[in-house]
Amino acid sequence: MNILNSRLYSILETVSFFFLLNILWFIMCLPIITIFPATAAMFGVVRQWVMKKDSAVFMPFFRFFKENFKQSFLLGIIVFAFSYIFYIDFMLINNLGNIMQNLLLASLFLIAIIGTLTFTYIFPMMVHFKLTLWSAVKNSFFFSIKYFPTTLLSVIFVGLMFVVLLYVPVAFLMIFSFMAYVVFFICYSRFRKEGELAEKHQLAQEQGNHT
């Protein structure tokens, strides 16, 4: 009975952590301009959970919010500006009505795919490594291509979660923090693999230098 109680308590505690993080993220997103810093902070918290460093919510969230504010805020400005330009381009191209329309629409579609794939890694990359914004974007793009199956898995998962949200609105209470956790977990497995490959390469170089 004690085992059942402890297991039930552990499940309820985990659910409450996801719920609190989700609500905190939503509240901090309300000013709109803080959506990206709040999202970076949420990924910072789930990073701690995945790496089993800390299970807290509030203090780590505000610490990561402050640490990543400038970089994530700038990222938000760039993404919103790019999205606006993308929308204007789409509307202009959509009114062409000739053969160039299909070519230009295909180009926009390709850009949208590249942007989506890159965006999958950007927040995990931002909170896990100490990088400049440009380096984070560049490495996110390379990771998204190099580990395309993993990237596709993340995109499909996020898409499925939005479908769940569409049919089960109450899932809003914790679905975004859960998505962040799973996406970071998936990305973290690639980060570790890349680290292992880098260590093997360095070891091989050192052995080559000694021979």
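Select α1 (2–29), α3 (58–67) and α7 (148–167): each of these helices supplies at least two residues of a nonpolar surface patch. Helices here are DSSP runs of H or I with at least four residues, strands are runs of E with at least two, and both are numbered from the N terminus. The model is predicted, so local features need pLDDT of at least 70 and side-chain atom pairs count only at pLDDT 80 or more, while totals for chains, interfaces and linings use all residues. Residues are numbered from 1 along each chain as its sequence is written, and side-chain values use heavy atoms, with hydrogens and water left out.

**The nonpolar patch**

Next, select F19, L20, F58, F62, V163, V164, L166, Y167, V168, V170 and L173, which make a nonpolar surface patch of about 1000 Å². Patch residues have over 30% relative accessible area and no salt bridge, and nonpolar side chains (Val, Leu, Ile, Met, Phe, Trp, Tyr) are joined within 5 Å. A salt bridge is a side-chain nitrogen of Lys or Arg within 4 Å of a carboxyl oxygen of Asp or Glu. Areas come from the Shrake-Rupley method with a 1.4 Å probe, and for residues only the protein chains shown count as cover.

Which helix gives the most to the patch? The answer is α7, with four residues. Now pick V163, which lies in helix α7. V163 is partly exposed, with a relative accessible area of 41%; buried means under 20%, exposed over 50%, and partly exposed in between.

**From V15 to L173**

Move to V15 in helix α1, a partly exposed residue at 37% relative accessible area. Then display the C-alpha atoms of V15 and L173: they are 10 Å apart in space, although the two residues are 158 apart in sequence.

**Q48 in α2**

Select Q48, found in helix α2 (residues 35–50). Is Q48 buried or exposed? Q48 counts as buried, at 9% relative accessibility. Leaving aside residues up to four places away in sequence, Q48 touches K53, D54, R63 and F64; a contact means heavy atoms within 4.5 Å.

**The whole chain**

Finally, display the complete chain. The chain has eight helices and zero strands, and its C-alpha atoms fill a box of roughly 70 × 65 × 30 Å along the principal axes. Of its 211 residues, 35% count as buried. Among contacts with a separation of 6 or more, 67% join residues 24 or more positions apart. The chain exposes about 13400 Å², of which carbon and sulfur atoms supply 73%.

Technical notes: Buried < 20%, exposed > 50% of the residue type's maximum accessible area, 1.4 Å probe, protein only. Patch = residues over 30% accessible without salt bridge, like charges linked within 9 Å, V, L, I, M, F, W, Y side chains within 5 Å.
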